[in-house]
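Subject: Handover of a structure, with notes on its spaces and cores

Hello,

I am passing the structure below on to you.

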Amino acid sequence: MDQKKLEGALSALPIVQYEFFSTGDLVFSPAVRYICEHECTQYGTSWACPPAVGTLAECQERCLRYPNALLITTMEEVADISDLQETLKTREAHEEVTRQVHALFREQDVEPLVLSTESCAICAKCTYPDAPCRHPERMYPCVESQGILVTALAERFGIDFIAGGNLVTWYSLFLYD
């Protein structure tokens, strides 16, 4: 893959920060999965979330099959950061950027494992667990569903994750050969 070419294309997108790194830098934490299971209303309702994505060990093994990673962030301003519905409405713009970056990888004949913000919002009602995903080519599992501690990556690479004010930070992770 031509990283310089990819970086040039990334500069044309509304990406606030990005970092290329080795997947050996990923931090997997049972605490992240615990939060999914005990605090997230999407747990057990989507192909993009646990338990559908597999055990923490399976997720870690799948992610570490890829030696390289790219983390991207976008930011959106909202009127009230404590308004979850308003905050979640800004996610779609980030998902569009994620789709564009995925296309940039494909242009170089690289098919990454894409992890994003979704608990999946593509369909009004997910088919999980009764039928296969309707849109597996468009569904990106949530980064946290894999047990990845995103804040550890952000801290390690100096990526803002609490920008202050009413700014929402969204992350996507691309794992690739």
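Which residues line the largest cavity? Please keep in mind that this is a predicted model. The lining consists of Ser-46, Trp-47, Cys-120, Ile-122, Cys-123, Lys-125, Cys-126, Thr-127, Cys-133, Arg-134, His-135 and Met-139. By class, seven of these lining residues are nonpolar, three are polar and two are charged. The volume of the largest cavity is about 90 Å³, and the count of cavities of 30 Å³ or more comes to one.

Next, the open spaces. The largest pocket holds about 1,200 Å³ of space. Its lining is made up of 36 residues, and Leu-88, Thr-117, Cys-142, Glu-144 and Trp-170 are the ones nearest the centre. Sorted by class, the lining of the largest pocket contains 22 nonpolar, eleven polar and three charged residues. Four elements each give at least two residues to this lining: helix 2 (30-39), helix 4 (84-89), helix 6 (150-157) and strand 4 (167-176). Strand 4 has the largest share, with five residues.

The second largest pocket contains about 200 Å³ of space. It is lined by 14 residues, with Pro-136, Glu-137, Met-139, Tyr-140 and Pro-141 closest to its centre. Helix 5 (91-107) and strand 3 (113-115) are the elements that contribute two or more residues to this lining. Ten of the lining residues of the second largest pocket are nonpolar, one is polar and three are charged.

Now the cores. The largest nonpolar core comprises 18 residues, and Leu-26, Cys-63, Leu-115, Ile-148, Leu-173 and Leu-175 have the most contacts inside it. At least two residues of this core come from each of strand 2 (68-77), strand 3, helix 6 and strand 4.

What does Leu-175 touch, leaving aside its neighbours within four places in sequence? Its contacts are Thr-23, Leu-26, Cys-63, Tyr-66, Asn-68, Ala-69, Pro-112, Leu-113 and Leu-115. Three of the names in that list, Leu-26, Cys-63 and Leu-115, are also among the residues with the most contacts inside the largest core.

Regards

Methods. Residues are numbered from 1 along each chain as its sequence is written. This is a predicted model: local features need pLDDT of at least 70, side-chain atom pairs count only at pLDDT 80 or more; totals for chains, interfaces and linings use all residues. Side-chain values use heavy atoms; hydrogens and water are left out. On a 1 Å grid over the protein atoms alone, a cavity is a set of points where a 1.4 Å probe fits but cannot get out, and a pocket is an open set with protein on both sides within 12 Å along at least five of seven lines; lining residues have an atom within 4 Å of a point. Grid points are joined across faces, edges and corners, and a volume is the space filled by probe spheres set on the points. Ala, Val, Leu, Ile, Met, Phe, Trp, Tyr, Cys and Pro count as nonpolar, Asp, Glu, Lys and Arg as charged, and the others, Gly among them, as polar. A nonpolar core is a set of buried Ala, Val, Leu, Ile, Met, Phe, Trp, Tyr and Cys residues joined through side-chain atoms within 4.5 Å. Buried means under 20% relative accessible area, exposed over 50%, partly exposed in between (1.4 Å probe, protein chains only). Contact means heavy atoms within 4.5 Å.
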